[in-house]
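Biologist: I have a structure to go through with you. Could we begin with the charged side chains?

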Amino acid sequence: MSPENQSSVSEFLLLGLPIRPEQQAVFFTLFLGMYLTTVLGNLLIMLLIQLDSHLHTPMYFFLSHLALTDISFSSVTVPKMLMDMRTKYKSILYEECISQMYFFIFFTDLDSFLITSMTYDRYVAICHPLHYTVIMREELCVFLVAVSWILSCASSLSHTLLLTRLMSPENQSSVSEFLLLGLPIRPEQQAVFFTLFLGMYLTTVLGNLLIMLLIQLDSHLHTPMYFFLSHLALTDISFSSVTVPKMLMDMRTKYKSILYEECISQMYFFIFFTDLDSFLITSMAYDRYVAICHPLHYTVIMREELCVFLVAV
């Protein structure tokens, strides 16, 4: 996607990884091994959950679906990448690119929704242990998984449809900047939606700043859980600030565009804070695991050095 690129979009040429020809076999073996480990590892998790009746609980029900999602997510891009590493002409058809984008977004969203369901399951187990079996009954677990699939499908479909609208096969362009369509809002409704989104953005920023301030001021909150929460609050502020200010500014201007360099930077920080958010939630999940499964050793395991290490990683 270089600024000088001019093309009729019927297929895309893939540059691939900048690997020397003599190193191709080594990297191919490495990535193939990582892919097979991911697939076989998650298949083993699913098999063990099915075979062991002690694992027929809500937590492992969600975990089996998460394992299936991880296999599917890896299979969206990795096989194509491996195939391109063994061929000289690397390309992907327009239709294949759109399909790949759809499933990439679908399984990314599904992964997030399933982790949210698992978080709710742990919340009920910790805060309402006596009512756990009543609340987390089989019907609710199936409902949460079904809703996760439906919402992921709707999200990925909406993004893919917008992408196809912007990137039709007949489109020819010189990429120095991108024109932004914005939201399909009538002119007379612009002020209302601008105020609404501005209010949501300020609520997000001020709310997370308040969380960070309270954690800093209250010594009772100087615990691993709130240490991770303060970093998560900072991540949420940064994540919102990547796109929302630009969107608000474009809602008040007639000519909506973004420079190529700005688009690349925005994409970098969007992915960065998305991944950081996921890793921090994973660290918080590990913190809760230690608190529940090893309560007597909690302060020894979750020491300050480990918390700083997990955030840094």
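Modeller: A salt bridge here is a side-chain nitrogen of Lys or Arg within 4 Å of a carboxyl oxygen of Asp or Glu. This is a predicted model, in which local features need pLDDT of at least 70 and side-chain atom pairs count only at pLDDT 80 or more, while totals for chains, interfaces and linings use all residues. Residues are numbered from 1 along each chain as its sequence is written, and side-chain values use heavy atoms, with hydrogens and water left out.

Biologist: How many salt bridges does the count come to by this rule?

Modeller: The count comes to four salt bridges. One of them joins Glu-305 and Arg-303, at 4.0 Å from N to O.

Biologist: Is Glu-305 buried or exposed?

Modeller: Glu-305 counts as exposed, at 54% relative accessibility. The classes are buried for under 20% relative accessible area, exposed for over 50%, and partly exposed in between, with a 1.4 Å probe and protein chains only. Arg-303 is partly exposed, at 44%.

Biologist: Which residue forms a salt bridge with Asp-121?

Modeller: Arg-122 does, and the closest N and O atoms are 2.7 Å apart. Asp-121 is buried, with a relative accessible area of 0%, whereas Arg-122 is partly exposed at 25%.

Biologist: And what does Asp-287 meet in a salt bridge?

Modeller: The side chain of Asp-287 meets that of Arg-288, at 2.7 Å from N to O. Asp-287 is buried, with a relative accessible area of 0%, and Arg-288 is partly exposed at 26%.

Biologist: Why can such side chains pair at all?

Modeller: Side chains of opposite charge can pair when their charged atoms come close.

Biologist: Changing topic, which residues does UniProt list for "transmembrane region"?

Modeller: The unreviewed UniProt entry lists several ranges, including 25-49, 140-163 and 227-248. UniProt positions are given in the numbering used here, feature names are shortened, and annotations may be inferred rather than shown by experiment.

Biologist: What is the chain like over residues 25-49?

Modeller: Residues 25-49 are 100% helix and 0% strand, with the end C-alpha atoms 36 Å apart. Residues 140-163 are also 100% helix and 0% strand, and there the end C-alpha atoms are 34 Å apart. Helices (H or I, at least four residues) and strands (E, at least two) are DSSP runs, numbered from the N terminus.

Biologist: Where is Ala-233?

Modeller: Ala-233 lies in helix H7, residues 224-251, and is buried at 2% relative accessible area. Leaving aside neighbours within four places in sequence, Ala-233 is in contact (heavy atoms within 4.5 Å) with Asn-208, Ile-211 and Met-212. Ala-233 and Ile-211 are 22 residues apart in sequence and 7.1 Å apart in space, C-alpha to C-alpha.
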